[in-house]
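Thanks for coming, everyone. Let me put the structure on the screen and walk you through a few parts of it.

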Amino acid sequence: MADEKSGGTPLLEASLVIEYPFNRTTGPVIGAFLTGLREQRVLGIRGVDGRVVCPPTEYDPQTGDPLTELVEVGSEGTVTSWSWVSNPRDGQPLDHPHALALIKLDGADTAMLHVVDGEVATGDRVRIRWADEREGLITDIAAFERIA
Amino acid sequence: MPPADTDTDRTVSEMPDGLWSMPQPTVPAPIADVAEPIQRIRVPASMHYRYTPGTAPTRFLLGLAEKKILGERDPVNGDVYVPPRGMSPVVGLPTTEQVELSDHGSLAAFCVVHIGFGVNAPPTPFVSALVLLDGAATSVYGTLLEIPIEEVRIGMRVEAVWVDDAELTTSFENIRYWRPLDEPDVPAATLQGHM
Amino acid sequence: MAPTRDVAIVSFAQSDHRRAASDTNEVEMIQPVIHGALDKIGAKIADIGFTCSGSSDYLAGQAFSFVMTLDAVGAFPPIMESHVEMDGAWALYEAWLKIQAGHADTALVYGYSKASPGDLPRVLSRQLDPYYYGPLWPDSVALAGLQARAMLDAGLITEAEMAGIAHRSREAARGNPHAQIKGSAPIDQLLAEDYLSDPLRVHDVPPITDGGAAIVLAAGDRAREWVDRPAWIRGIDHRIDSHNLGARDLTAAPSAKLAGEKAGIGAGAVDVAELHAPFTHQEKILTTALGLGGSTVINPSGGPLAANPVMGAGLIRLGEVANRIMDGEANRGVAHATSGHLLQQNLVAVLEGDA
Amino acid sequence: MSGANRVAVVGVGQTKYAAVRGDVSLAGLLREAAYRALADAHLTMDDIDAIIVGKAPDFFEGVMMPEGYLAEALGAVGKPLFRVHTAGSVGGSTAIVAASHIESGVHERVLTIGWEMQSCSEAMWALSFPLPFQQQLVAGAGGYFAPYIREYMRRSDAPDDIGILVALKDRLNALKNPYAHLHEPDITYDSVKESFMLWEPIRYSETCPSSDGAIALVLAGEQAAEASAASTGVAPAWIHGTSMRSEPAMASGRDQVSPQASRDCAADVYQQAGITNPRQQVDVVEMYVPFSWYEPMWLESLGFAEVNAGWKMTESGATQRTGDLPVNCSGGVLSTNPIGASGMIRFGEAAMQVRNQAGDHQIDGARVAVGHAYGGAAQFFAMWVVGSAKP
């Protein structure tokens, strides 16, 4: 424990783990989206300007007005931006190097944040790889993969 | 009988009309009809930190490992703080002089706990005590045992019961509990401002 | 209605920023900084009308961490005091409001964090939407990479420009005794390095820092009593953008632009600007949003690329500009602070010396 | 008057409070309060200049600095969004910081929201997970405050059942507040007395619940307040004074039973509001009472009773809805406790009383009301005085 010296005083240290299995109520919009993922379908929601927001939010991303019209979008899309995760951290969807990416699904007008398994470039076409066991979480999408 | 108990109108008021609530969304057919829609999710989060208590608490904890209670003195007012956090909170200046305190003190305040928390909690009911060590300006927390609960009183004299020397670590848990000393009580008024 | 009081920064102190201040707890780390700012002008806590701090429980790994830090102030007898779970720059904003409202004539502001106990890029993922983003644990560096990529793809910056910003900042930090990273390898050498998180190299990323800063504010004559040349806050404003990364133009910071306009940047020439751009490409977004360029000296302290104590780095920008005005080096400066990922929230202040 | 420019509460919105609000998302909870407050003020999000939010530790919901995530949900895109955290007093502090945005002359209409969604985790964990080298809290949360309550009983010679009377009163009051979390129509003096003893002298029914909930207030400057009142037909609650005081948790000479910061805070806010005799001049009080015994303790600390005589006010029935100084007509923290909202609920309920808007728990003719909050180790205090008359 006392591993360093500072001014002659050995320093104490200890590991501290802060963890909790948080409960999150979803409300009807997020709930519908997550229910859809469990069923291997993706929902968006129509914004005040008619654009489809995906993943869907209860409110418009600019004005905050309530949104109610959920619509189904595709499970393939286009990468709008990406960065490379060389050293994946605990909890990230993939434990090997991968891309963090923004993906605009077909039929949606905004991009979803997720990961792409394998190398990728802006403008690439990608599709959802579903998790084998799905429970209604964003991680029901295991990753996206490039469409060759 | 207190007047409140005579209150016989026990109807629960109703919510006002016309309050805003979130409009219900329309859900496309394949999802709308799914059994057991998601309403609540469980998302575990685990974070790892490397905790360092700081210079003054380290000095204090190293003292505890040697069975010493080392308070630290306010450089302006002379008050001795224990456990020290490195600062006099009154003047906002670092405490630098360590002062060894005895493990005898006076019961400054207490309550009787009927629901304990954690593996170290004694069997309930037990007395959770604030002990003002002789020479200190603020009290330390502990459990008071070896006395019937109804005999516990503010101002009574107490002493620390330590773990065996072989079990001493850099932890306040070195003091297992406090027990009564056979000495006259101190006046409760002298403890005000120091609990 | 408009704020009517002249309020100035009259004192600024900061820690010697370090990767890990393991020998001190937060109280021990910030106490010399708080009292350094007071001592510089011979002030006591009794001279202060209002105290406000900024810090984060998630960085400390402890609920109510700011409660302990109050011990460093000397708050007995009791003081008028508040705390924001934001960068200290927003604590300064609250203090400025209190003075404008007439509740105080002077204020002490501080902001600090120890980022070293946790894995900072991972800790910062807890700032995200807890339904759609949080469960993916995206780290702050990879997130910033999405923004840099968008800039590169749009032709708004090059990797060489990004390296140039890193080089200029860290070379400038040689003159900053408090900086954590001083000096830089040549640009071509920087560009030859591997990516940390493509398109970001190590030099594009801020250091992880333990540290903090403190500022004293005073109104009118009280400011002039304390210093010859107060750094008057001529305008201050903050705004926020959408959190929806996929619905937002990542190459722009409209909230920074708006805050800059409200703070009145355009009313005159800007001698110096300290921008809270933790990642190299973000400096370009900010100079564009704030209309800075030409003769304006950007981040002469080295900026957050030289030391980035989260919750203090924005407040430090205000202090660095104020110092240059107080010592006569500059007459009009712009200070900027940010909060959240990808420049989501931005505060801009315009500081001036007496003409 | 408190600051340079007059400020009034022109809208109040509350969620239904519950142990678990299973029907709304985190953002949805805040939006429920926000839209109700805006509707009450006959305003829309477009009319709002700035949004000031407050909540207690971020660990509760497991979202660090959640205001960023909430920007769109609160209609804050392109506006200032400000986050306050001052421990348990935060709801009160946040309302005061919101008022500063207008008093200073910077803004004309602001929305302020306090919330906690405690069902995301649990209070014992979120407030005090154990740290290395530190003593384990074997006594729990109430174990911190119970010794000071016992000390108050010793000093004041209060009868043992004062806490029972407070708990019974507040829970009965809650029946008249449809938003309250706990509705216990069958509660009696005996049922409180027989409820499980947790930290003697604190029984289970003398402690606050753990709630999900949010409250929002719309604050306006003088002209905007009068315009809103003309539209709604409901009088503004004018702010006559605001005050905050803090002191360290562990300081030599500090009195945890009646902290100096509490007494200073009250003296300051009364001075601003021109109150020289609080018992006579204040019509109704919403006081932060998470454990029943804090009612008599704060009655003294806030100047409504002589030292050691607060319990006599409670015992006499003076603090009941039918008494001369009704305290916590809403049911108080003892009936509803989303921590980050609790202080603002006190402030908001005080405003509702002077706006004659409190429904079945309205005190007829309430003109001057006090809202009070405290937090930490009884060391952070926030108060405001609101009135139906313009200051």
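Start with a pairing in chain D: strand E8(D) and strand E11 (residues 380–387) run antiparallel, joined by eight bridges. Strands count as paired when DSSP finds at least two bridges between them. Helices (H or I, at least four residues) and strands (E, at least two) are DSSP runs, numbered from the N terminus. Within this pair, Ser246(D) faces Phe380(D) of E11(D).

A word on the source. This is a predicted model, where local features need pLDDT of at least 70, side-chain atom pairs count only at pLDDT 80 or more, and totals for chains, interfaces and linings use all residues. Residues are numbered from 1 along each chain as its sequence is written, while chains are lettered from A and ligands numbered from 1 in the order in which they are written.

Back to E8(D). Strand E1 (residues 7–14) of chain D also pairs with E8(D), antiparallel, over two bridges. There, Ala8(D) has Trp238(D) as its bridge partner. Is E8(D) buried or exposed? Ten of its ten residues are buried, so E8(D) is largely enclosed by the rest of the structure. Buried means 20 or more other C-beta atoms within 10 Å of a residue's own, with C-beta atoms placed from the backbone.

Next, chain C. Helix H12 (residues 313–326) has 14 residues. Of these, 14 are buried, so H12(C) too is largely enclosed by the rest of the structure. After H12(C) comes Gly328(C), with a positive phi near 85°.

Last, chain A. Here an open sheet of three strands runs in the order E5-E4-E6, with antiparallel pairing. Its edge strands, E5 (52–53) and E6 (70–73), each pair on one side only.

Terms used. A residue is buried if 20 or more other C-beta atoms lie within 10 Å of its own, exposed if 12 or fewer, and partly exposed in between; C-beta atoms are placed from the backbone. The expected span of a helix is 1.5 Å times one less than its number of residues.
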